[in-house]
Amino acid sequence: ELAQLLASEKAQVTIAYLGSGKLHETTTKDLENKGVSFVKLPEPDIPIAPGHVSLVGSYKALLYLMNEENQFDIVHFNDYLGHAIYPLYAKRQGWLLDKTKVVVTLHGTTMWSRLANKQLPHTIDDISVSWIEREAISAADVVWAPSKFIATSLLSEGVELPENVVVLKNAPPTLEHISNKHRELYGRRIEKSTSVINEIVFFGRLEMRKGPLLLIEALEQLSKKHRSMMKHIKVSFLGRDTPVDEWNPSYKEKIRQDFLSSKNLKNVNLSFLDNFDRDQAISYISDPHRLIVIPSLTENLPGTVYESIEFGANFIAADVGGIKEMIHPDDADRCLFKPLPLSLASKLHEKITETHKDIKPVRHSE
C-alpha cells in the first residue's frame, strides 16, 4: 500500500525484492501498472556467510545501492531479518548513501515474534539474526513505528532507538484490492433475522501468537453455557498454516485434533481456508453473517484489523499491542475484548445474539 500511495502522489518508487523465491507475474505487472518499478535482485556471485538468511539479503541490497544508477532520496527497510545492516554500516563508514535517508520500519523482529509464540532461540543463526535486527534499528536515520506499542516494547527489551522516531500508522488497504470475480460477495445486505451470525471465522496465521487456542478455549466456555447456540454455527480458520514446532508440522492438524477431542466441540462444522488469496479473504470476511475473530495474544498494527475495518467486516479483536490505536475510541468497547477465554466467550455470545439493527460499522481511529 505504501508504494502505491507514494506512486499516486507522483513519487518515483522502486521495490527491490531481496528474496530468492519466485514471484507471481501478476504481482509485478499490477505494481508496474500503478507506477511502481519492480526489480528482483540477483543472487551474489560469491558465498555469503554461508547462506545466512539476514546477510545474503543485506548483501544484495548493498550491491544494488552501490550502483550509481540506483540513487534514492529515501531507502526503506523493514526491521524483520535486519536487511538494512550492510548498507547502514557502509553509510556509517562514509562511503555510501551520504545523501540518502535510511528508514527502518518496526514491523516486528524475529525475536519478538518467537517469544510471543513461546519459541526460544535454539541456534547460532537465531541469535545472530536477533543481533543484526537490533543493530539495524539502532543505526537507522529514521525509525518508523506504526504503533506506540511496538516502539515502547523494543525500548523495554533494551534496543537503542535513534533520535528520530516517527509514530505513524501504516497506509490502510483500499477497495481497489478486491478483484471483480469476488466483488459480488462484498457488501452483501444483512437479512432481517433474530440472529445474524451463522459462522465464526478466525482471521490470521495459524500460530500461537495469533490466538487460535484462545478461540478454542472460548468456544468451549460458550458451548458449556449455551449448548444449543453452537449447533447451527460453523467455525472456520482463515489463514496460512504454520508448524507448531519441529515435531508437529501443522497447526491446522493440532486445531482439528483439539476440536475432535472436545466433548463440546467435536460435532462443530469445522473448516480451514488456508489457500485463499487476499481478494478471496477480503470477500469472505465482508459477509455480515460471518463474525470475524482476531484473538491475538500480542500485535503491532495487524493488517487483519485494518482490512476488517476498511471492508466493513463484523469483527471483534483482542485488546493487545497496538490494536486499540487503530480503532475509533467510540467503537472500542463494541469490538474489543481482553485476551482471556471467558472475556472472549462473553463477547462471542454478545455478538451472536445481536440482530441486524444492532450492528454498526467500526471506524478507523482519527
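Two strands are said to pair if DSSP finds at least two bridges between them, a rule that the first of these views of a predicted model relies on.

**View 1. Strand β8 and its partner β7.** Strand β7, residues 199-203, runs parallel to β8 and is joined to it by 5 bridges. Within this pairing, F203 has L238 of β8 as its bridge partner. Strand β8 itself, residues 234-238, is mostly covered, since 4 of its 5 residues are buried.

**View 2. Strand β8 and its partner β9.** Strand β9, residues 270-273, pairs with β8 in the parallel sense, over 4 bridges. Here L238 stands opposite L273 of β9. A right-handed β-α-β unit is also made by β8, helix α10, which covers residues 251-260, and β9.

View 3. The structure holds 7 aromatic pairs. The ring centres of Y59 and Y86 are 6.1 Å apart and the ring planes stand at 80 degrees, so this pair is edge-to-face. Because Y59 belongs to helix α3, residues 53-66, and Y86 to helix α4, residues 85-92, the pair ties together parts that are 27 residues apart in sequence. Y86 is partly exposed, with a relative accessible area of 26%. Elsewhere, ring pairs link F202, F237, F259 and F272 into a cluster.

**View 4. A charge over a ring.** R290 lies over the face of Y284, at a distance of 3.5 Å from the ring centre.

Definitions and conventions. Residues numbered from 1 in each chain as written. Predicted model: local features only at pLDDT ≥ 70, side-chain atom pairs only at ≥ 80, totals over all residues. Heavy atoms only, no water. Buried < 20%, exposed > 50% of the residue type's maximum accessible area, 1.4 Å probe, protein only. Helix = DSSP H or I, 4+ residues; strand = E, 2+ residues; numbered from the N terminus. Right-handed = clockwise from strand over helix to strand, strands pointing away. Phe/Tyr/Trp six-rings, centres within 6.5 Å; stacked < 30°, edge-to-face > 60°. Lys NZ or Arg CZ within 6 Å of the ring centre and 35° of its normal.
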